[in-house]
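Me: I would like to learn how to read salt bridges in a protein model, and I would be glad if you took me through it slowly.

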Amino acid sequence: MQNLDSYGQRNHSGIDESGKGDYFGALAVSGVYLPLAKVEEVRGWGVRDSKGIADNVALRLAAVIEDNLVHHSIVYDPPQYNERYGRFNNLNHLLADAHAQIIAALMAKTACANVISDKFASSAALIPSYLPSGCSPRLLQITKAERDLAVACASVVARANFLRSLQRLAATHGMKFPKGASNQVKAQARQLRQRYGARMLAQVAKVHFKMD
């Protein structure tokens with residue numbers, strides 16, 4: 001069985017997501033291909049798990065990663081997210097489908113089958129069940145996968161895409177949308193529902209969240 005250390009010594013891609021637990025804004029899934037020849041350079045950029053870095057740093061690092069490494073992202077802004085959630089009616093299946101799309105795209109771009117993904121479902125067969133015919137990655141799914149540098153890069157890009165989605169919403173609607181699902185977020189959700197109705201919320205939020 002392959003492990004994280006053995007994958008870290010090969011060319012490989014990493015995949016991670018951002019926005020899954022945030023009521024407002026997009027769900028972003030990103031993959032980044034990290035060849036061994038780039039490892040020391042990438043370490044020098046200061047890349048690490050995006051949950052441990054400030055938003056402005058994540059945005060800056062993501063731009064560097066996107067300029068220098070092969071990557072692929074899927075960003076489901078709230079209308080697209082709500083439509084897809086309605087189709088799957090299950091967040092893990094929605095995520096698995098997005099991960100599979102990322103894997104297939106990166107394999108097509110790089111011809112590298114080594115992939116590490118953060119494990120979000122109990123079944124290791126979920127992501128492979130959504131892969132297109134003929135796409136057979138050597139996929140390692142582990143918890144806290146951001147320990148791997150390629151996955152850390154993916155987490156930074158996904159985080160930046162989520163933050164960019166909040167920026168787009170703010171510019172479109174003339175108000176700020178807080179991160180997370182805190183009491184502050186719930187209060188704003190109630191205000192928006194009372195003032196504009198459920199149709200407005202579907203444009204800015206993941207409406208299957210229980211916010212009452």
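Reply: Please keep in mind that this is a predicted model. As for the general idea, side chains of opposite charge can pair when their charged atoms come close.

Me: How many salt bridges does the count come to here?

Reply: The count comes to 10 salt bridges. One of them joins the side chains of glutamate 41 and lysine 38, with 3.3 Å from N to O. Glutamate 41 is partly exposed, its relative accessible area being 36%, and lysine 38 is partly exposed as well, at 23%.

Me: With which residue does aspartate 55 form a salt bridge?

Reply: Its partner is lysine 179, and the closest N and O atoms of the two are 2.9 Å apart. Aspartate 55 lies in helix H3, whereas lysine 179 lies in the loop between helix H7 and helix H8, so the pair ties together parts that are 124 residues apart in sequence. Aspartate 55 is partly exposed, with a relative accessible area of 26%, and lysine 179 is partly exposed, with 36%.

Me: And what about aspartate 97 and arginine 84: how far apart are their closest N and O atoms, and are the two residues buried or exposed?

Reply: The closest N and O atoms of this salt bridge are 2.6 Å apart. Because aspartate 97 lies in helix H5 and arginine 84 in helix H4, the pair ties together parts that are 13 residues apart in sequence. Both aspartate 97 and arginine 84 are buried.

Key: Residues numbered from 1 in each chain as written. Predicted model: local features only at pLDDT ≥ 70, side-chain atom pairs only at ≥ 80, totals over all residues. Heavy atoms only, no water. Salt bridge = Lys/Arg side-chain N within 4 Å of Asp/Glu carboxyl O. Buried < 20%, exposed > 50% of the residue type's maximum accessible area, 1.4 Å probe, protein only. Helix = DSSP H or I, 4+ residues; strand = E, 2+ residues; numbered from the N terminus.
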